[in-house]
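Hello,

I am passing a structure on to you, and I hope you enjoy looking through it. Please open it first, and then read the notes below alongside it.

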Amino acid sequence: MLAETICSAVSAAGLGIAAITAYRRRFLAATRIAAYSLVPVGLVLTGAVEWAVGTAFSPSAWVGFGLLGGAWLLFMTTRIVERRSGGTRRERKAAAARGGDAVAPAASAPSLGAAGNAAAPRSRKAADTGADDFSDIEAILKKHGI
């Protein structure tokens, strides 16, 4: 009963402020204030305020929230441990059975040679443009005496 009265008073005050704002010919702001001031009354009429008050003063509700928080904490802990250990138990056993070869031996040497030749000209061009950019910056700094 008290919460409904407070929500009604807040809405009435908000509508009063909206009326004063509209009197000052700021209609867009007045409409926005009126919209915000109608929210508390809407929450009262939908029963959300009664539910929130009933939940806030209910010990069983707090125990339920505590259990939900504990379950969430356990779930997140297991996810963190799983990520650090490298997957589930089944995945670790499968990786151990495959052996320690992480790279295919036949494909590593030729692929590095082909990629190395193709990447070298690109890196030189990137280095040249980077040096040109720095020379421009150096010239500007010298012009200003820095």
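Let me start with Trp-72, which sits in helix α4, residues 59-85 (helices are DSSP runs of H or I with at least four residues, strands are runs of E with at least two, and both are numbered from the N terminus). Trp-72 is exposed, because its relative accessible area is 55% (buried means under 20%, exposed over 50%, and partly exposed in between, with a 1.4 Å probe and protein chains only). Together with Leu-73, Phe-75 and Met-76, Trp-72 forms a nonpolar patch on the surface with about 440 Å² of accessible area. Such areas come from the Shrake-Rupley method with a 1.4 Å probe, and for residues only the protein chains shown count as cover. Patches take residues with over 30% relative accessible area and no salt bridge, joining like charges within 9 Å and nonpolar side chains (Val, Leu, Ile, Met, Phe, Trp, Tyr) within 5 Å; a salt bridge is a side-chain nitrogen of Lys or Arg within 4 Å of a carboxyl oxygen of Asp or Glu.

A word on how to read the values: this is a predicted model, where local features need pLDDT of at least 70 and side-chain atom pairs count only at pLDDT 80 or more, while totals for chains, interfaces and linings use all residues. Residues are numbered from 1 along each chain as its sequence is written, and side-chain values use heavy atoms, leaving out hydrogens and water.

Now the overall picture. The protein has six helices and zero strands, and 10% of its 146 residues count as buried. Its accessible surface is about 12200 Å², with 68% of that belonging to carbon and sulfur atoms.

The unreviewed UniProt entry annotates residues 35-54 and 60-81 as "transmembrane region" (positions follow the numbering used here, feature names are shortened, and annotations may be inferred rather than shown by experiment). In the model, residues 35-54 are 95% helix and 0% strand, with end C-alpha atoms 26 Å apart. Residues 60-81 are 100% helix and 0% strand, and there the end C-alpha atoms lie 32 Å apart.

Which aromatic rings pair up? A search of the whole structure finds one aromatic pair. The ring centres of Trp-62 and Phe-65 are 6.1 Å apart and their planes stand at 65 degrees, so this pair is edge-to-face (rings of Phe, Tyr and Trp, the last by its six-membered ring, pair if their centres lie within 6.5 Å; planes under 30 degrees apart are stacked, over 60 edge-to-face, and the rest tilted). Both residues lie in helix α4, three residues apart, about one turn of the helix. Trp-62 counts as exposed at 54% relative accessibility, whereas Phe-65 is partly exposed at 42%.

These two residues also meet Thr-55, which touches Ala-61, Trp-62 and Phe-65, not counting residues up to four places away in sequence (a contact means heavy atoms within 4.5 Å). Thr-55 belongs to helix α3, residues 48-56, and is buried, with a relative accessible area of 13%.

Two more places are worth a look. Arg-25 lies in the loop between α1 (2-23) and α2, and its phi is near 65 degrees, a positive value in a residue other than glycine. Most residues other than glycine have a negative phi.

Best wishes
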